[in-house]
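Colleague: I have a model open and want to learn how to read it. Can you take me through it feature by feature?

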Amino acid sequence: MSVYTAIKKVAYEKGKSIYRIEKDLDLSNGYISKWNKSMPGADKLQVVADYLGVTSQYLLRLAKEDQ
């Protein structure tokens with residue numbers, strides 16, 4: 001699974017949409033969805049992880065699980 005898919009899964013569990021995360025964090029629309037094909041910068045991944053109440057390592061581990 002991609003980092004985007006991992007974030008989407010955690011966000012769903014927390015009752016948040018990708019759109020809401022982007023809006024709340026002042027990220028451009030579609031910013032996180034780009035992580036479906038590329039790796040995010042560590043700083044932006046950390047900001048999203050903090051928002052979701054998880055660690056960036058957790059998101060990366062979750063993304064790696066289904067590969």
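**Reading the model**

Modeller: Start with Ser 56, which counts as buried at 11% relative accessibility. Keep in mind that this is a predicted model.

Colleague: Where is the place of Ser 56?

Modeller: Ser 56 sits in helix 4. Leaving aside neighbours within four places in sequence, Ser 56 is in contact with Leu 45, Gln 46 and Ala 49.

Colleague: Which residues are buried in helix 4?

Modeller: First the general idea. An α-helix has 3.6 residues a turn, so residues three or four places apart point the same way. Now the case here. Helix 4 spans residues 56-65, and its Ser 56, Leu 59, Leu 62 and Ala 63 are buried. These four cover an arc of only 125° around the axis, which puts them on the same side of helix 4.

Colleague: Which residues are exposed on the other side of helix 4?

Modeller: Gln 57, Arg 61, Lys 64 and Glu 65 are exposed there.

Colleague: What covers the buried residues of helix 4?

Modeller: The cover includes helix 1 (3-13) and helix 3 (42-52).

Colleague: On to the core. Which residues in the largest nonpolar core touch the most other members?

Modeller: That core has 19 residues. Ile 7, Ile 21, Ile 32, Trp 35, Val 48, Leu 52 and Leu 59 touch the most other members. Helix 1, helix 2 (18-24), helix 3 and helix 4 each supply at least two residues of this core. Helix 1 gives the most, with 6 residues.

Colleague: What does Ile 7 touch?

Modeller: Not counting residues up to four places away in sequence, Ile 7 touches Ile 18, Ile 21, Ile 32, Trp 35, Leu 45, Val 48, Leu 52 and Leu 59.

Colleague: How many aromatic pairs does the structure hold?

Modeller: The general idea comes before the count. A pair of aromatic rings is described by the distance of the centres and the angle of the planes. This structure holds 1 aromatic pair. Tyr 31 and Trp 35 form it, 5.7 Å centre to centre with 70° between the planes. Planes over 60 degrees apart count as edge-to-face, so this pair is edge-to-face.

Colleague: Are the two partners buried or exposed?

Modeller: Tyr 31 is partly exposed, with a relative accessible area of 25%. Trp 35 counts as buried at 5%.

Colleague: Which polar contacts does the side chain of Ser 2 make?

Modeller: Ser 2 is found in the segment before helix 1. Ser 2 is buried, with a relative accessible area of 15%. Its side chain makes a polar contact with the side chain of Thr 5 at 2.9 Å. The side chain of Ser 2 also makes one with the side chain of Asn 36, at 2.8 Å. Not counting residues up to four places away in sequence, Ser 2 touches Trp 35, Asn 36 and Ala 63.

Colleague: Now the backbone. What is the phi of Asp 26?

Modeller: Most residues other than glycine have a negative phi. Asp 26 is not a glycine, yet has a positive phi of about 55°. Asp 26 is found in the loop between helix 2 and helix 3. At 72% relative accessibility, Asp 26 counts as exposed.

Colleague: And Leu 25: what is Leu 25 in contact with?

Modeller: Leu 25 also has its place in the loop between helix 2 and helix 3. Leu 25 counts as partly exposed, at 21% relative accessibility. Leaving aside neighbours within four places in sequence, Leu 25 is in contact with Val 47, Val 48 and Tyr 51. The C-alpha atoms of Leu 25 and Val 48 are separated by 7.9 Å, and the two residues are 23 residues apart along the chain.

Note on methods: Residues are numbered from 1 along each chain as its sequence is written. This is a predicted model: local features need pLDDT of at least 70, side-chain atom pairs count only at pLDDT 80 or more; totals for chains, interfaces and linings use all residues. Side-chain values use heavy atoms; hydrogens and water are left out. Buried means under 20% relative accessible area, exposed over 50%, partly exposed in between (1.4 Å probe, protein chains only). The arc is that of the directions from the helix axis to the C-beta atoms. Contact means heavy atoms within 4.5 Å. Rings of Phe, Tyr and Trp (its six-membered ring) pair if their centres lie within 6.5 Å; planes under 30 degrees apart count as stacked, over 60 as edge-to-face and the rest as tilted. A nonpolar core is a set of buried Ala, Val, Leu, Ile, Met, Phe, Trp, Tyr and Cys residues joined through side-chain atoms within 4.5 Å. A polar contact is a pair of N or O atoms within 3.5 Å; within protein, one must be able to donate a hydrogen and the other to accept it, and residues adjacent in sequence count only if both atoms are side-chain atoms.
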